[in-house]
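Here is a short briefing on one protein chain. Please look at the sequence and the structure before reading on.

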Amino acid sequence: MAGEAAKTWLRQRLEHGFQTGFQHAYDALRVDPSAFLMQLRAGYGVPVSTFQGVYSVELSLLDHVGHDIVRAGMKVAAVEGAGMGLGGMFTLIPDLSILAAITMRTLQKLSLTYGFEYNTDQEIAELWIAAASAAGVDLGRELLEKQVVNRFVPKVIQRVAVKASSEVVEKWSGRMIPVASSVIGATLNYYFIRSWGDRAQNHFRRRHLGLRESQMSHIALQGSATLIS
């Protein structure tokens, strides 16, 4: 019983840490789309002037950028986990808050890479649907509220935080060992971002392909109509 009580306490603490990090990333640490567009052009050689232009870019190039973004997030998370891990369980909650923020910024960059901005309520809702997909959360009835972002987003953050805390509660128990906690923190953070980043990239890639095929069909229909006329 004592062991279960300890796990419940730890899971609640983890959930709070993730919720804090996701909310902070949503409120104050959003990736600036215009700055990221410049990075796509200058850093990756993606020939676009707007995010709509990515639908004309070779998909393999976008996939390369996406993989690079995930790898960069993994490295940042590993360094952060190693540093915070030195404190063992005492720095666990701050560590997870930062990890959640790194995860959210990685998802935002992946979203922009595949042409999905988050300027409107609908786009913001779609971003959090992607976050839920990365976490393996089935939103179910919550999707009915996605038009009301102020209600939808907090519910998704809570569901994602619950899933994340359940996923890592066993693994992070190794942080109780001070000598090994730095290595454990770096390793767990590294693979956490890899797992969530890969799932999020697959989500955005599928959406991108769907829209790309829809646009190509529309252009083909327009061409056919022009020839007929």
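What does the accessible surface of the chain come to, and what share of that surface belongs to carbon and sulfur atoms? The surface is about 11,700 Å², and carbon and sulfur atoms hold 59% of that area (Shrake-Rupley method, 1.4 Å probe; for residues, only the protein chains shown count as cover). This is a predicted model, in which local features need pLDDT of at least 70 and side-chain atom pairs pLDDT 80 or more, while totals for chains, interfaces and linings use all residues. Residues are numbered from 1 along each chain as its sequence is written, and side-chain values use heavy atoms, without hydrogens and water.

**Overall make-up**
- The chain has 7 helices and 0 strands (DSSP runs numbered from the N terminus: helices are H or I, at least four residues; strands are E, at least two).
- Of the 229 residues, 45% are buried (buried is under 20% relative accessible area, exposed over 50%, partly exposed in between, with a 1.4 Å probe and protein chains only).

**Salt bridges**
- There are 3 salt bridges in the structure (a side-chain nitrogen of Lys or Arg within 4 Å of a carboxyl oxygen of Asp or Glu).
- Arg205 and Asp63 form a salt bridge at 2.9 Å, N to O. Arg205 is in helix α7 and Asp63 in helix α3, so this pair ties together parts 142 residues apart in sequence.
- Asp63 is buried at 12% relative accessible area, whereas Arg205 is partly exposed at 28%.
- Arg71 and Asp68 form a salt bridge at 3.4 Å, N to O, and both lie in helix α3, 3 residues apart.
- Arg207 forms a salt bridge with Glu126, with the closest N and O atoms 4.0 Å apart.
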